[in-house]
Amino acid sequence: MKNKVSGISGKWPKALGNLGLSPVMLVIFAAVACLPLFTDNPFTLRLFITAFMTATLAMGFDFTNGYIGICNFGYAAFWGVGAYTSAILVKDFHVPLPLGLLGAVALTAIMGALIGCLTIRLGGIFASCMCWFVSLALLALARNLVDLTGGASGYSATFMFKPKMGYLPYYYLIFAVMLGIFLLLSHFTHSTMGLAFRAIALDDKAAGSSGINHIKYKIINFSISCAIAGLVGAFYIHFVGIMTPTSMSNEKTTEIMAICFIGGRGTIWGSVISSLVLTPILEQAKDLLEWRQILYGLLMILIMIFYPHGMAGLVEMVRGLIGGKAEKEAGASEAQG
């Protein structure tokens with residue numbers, strides 16, 4: 001009986017690992033899923049909706065930055081493109097909202113593939129600068145195409161749910177999106193595709209000589225990453241009701257980048273932890289709003305100098321210490337027996 005129980009207890013962590021879920025992440029996701037059962041405070045629900053959106057964006061950013069070594073400095077621009085695309089399709093062309101969301105994902109995925117093509121012969125900072133130049137062009141288009149985007153005044157969109165329904169439907173929808181994206185990216189990064197991405201990040205020419213089609217994998221990576229940004233952007237505009245060009249500026253990219261680096265670059269799940277921790281803290285410090293970018297910069301500098309593995313590395317260290325202590329206790333009990 002004891003062996004049977006130990007066998008079952010040994011199988012479920014492996015099953016979770018196959019899904020990309022560690023026991024830590026399972027507890028975190030279960031906790032935030034149950035949060036509305038304990039509070040219906042609109043401020044708290046809206047705060048966590050923002051945290052879920054930021055976490056999903058940071059995971060998409062980390063998928064490119066942490067796995068093929070290219071920092072997409074224009075990531076927020078694709079978030080904006082997704083928002084404008086869905087809103088325009090729904091409001092001006094009377095497309096059903098689900099199809100509007102799909103349209104946003106499709107367009108940003110195609111744009112991501114084009115970015116991947118543009119950066120085929122580029123690497124490192126040169127590829128990052130190319131992404132930034134594209135984002136500047138998209139930002140200029142959003143400001144100048146007044147008849148289409150509303151210009152600097154912004155573009156108002158229809159809400160996803162009726163106002164009387166409150167924030168609860170938004171909460172669980174974006175939570176489902178965050179969880180789905182987490183599982184999808186975890187699956188990719190733990191597969192042969194993830195190994196190919198890491199090889200490309202180390203040396204794309206060497207990866208190519210080893211039989212890895214680095215062109216194909218770069219395009220796939222950028223397409224998925226930008227599609228995630230487009231999906232979250234589409235959700236955002238139908239949640240908030242308006243999108244302005246300033247929302248897709250470099251400041252938004254800096255925020256996403258900070259969440260990614262503080263959480264732990266190249267981990268995916270670190271972005272979730274850092275967003276759930278930092279978003280409420282920064283929201284409570286509204287008086288420091290104009291210092292937000294400075295705070296993000298300082299946090300990134302400190303993390304990269306003193307603890308480059310971020311919050312994910314800290315969690316792994318604590319888990320290792322607890323596991324090591326448990327093994328020692330088990331060994332001591334066996335010796336006594």
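The largest pocket holds about 790 Å³ of space. Here a pocket is an open set of points, on a 1 Å grid over the protein atoms alone, with protein on both sides within 12 Å along at least five of seven lines, and lining residues have an atom within 4 Å of a point. Its volume is the space filled by probe spheres set on the points, which are joined across faces, edges and corners. This is a predicted model, in which local features need pLDDT of at least 70 and side-chain atom pairs count only at pLDDT 80 or more, while totals for chains, interfaces and linings use all residues. Residues are numbered from 1 along each chain as its sequence is written, and side-chain values use heavy atoms, with hydrogens and water left out.

Of its 26 lining residues, Thr50, Tyr236, Lys252, Glu255 and Arg292 are the closest to the centre. Helices H3 (42–65), H11 (214–240), H12 (250–263), H13 (269–284) and H14 (292–306) each give two or more residues to the lining, and H3 provides the largest share, seven residues. Helices are DSSP runs (H or I, at least four residues), numbered from the N terminus. By class, the lining has 12 nonpolar, seven polar and seven charged residues; Ala, Val, Leu, Ile, Met, Phe, Trp, Tyr, Cys and Pro count as nonpolar, Asp, Glu, Lys and Arg as charged, and the others, Gly among them, as polar.

H13 also meets helix H2 (residues 23–34): their axes come within 11 Å and cross at roughly 40°. Axes are lines fitted to C-alpha atoms, for helices over the stretch in contact, and angles run from 0 to 180 degrees between N-to-C directions. In this contact (heavy atoms within 4.5 Å), Met25, Ile28, Phe29 and Val32 of H2 face Trp269, Val272, Ile273 and Leu276 of H13. Those residues comprise eight nonpolar, no polar and no charged.

H11, another contributor to the pocket lining, pairs with helix H5 (residues 97–118), their axes coming within 7 Å and crossing at roughly 145°. This contact has 15 nonpolar, six polar and no charged residues.

The structure holds two cavities of 30 Å³ or more, a cavity being a set of points where a 1.4 Å probe fits but cannot get out. The largest cavity has a volume of about 50 Å³. H6 (125–144) is among the elements lining this cavity and gives the most, three residues. The cavity lining has six nonpolar, five polar and no charged residues.
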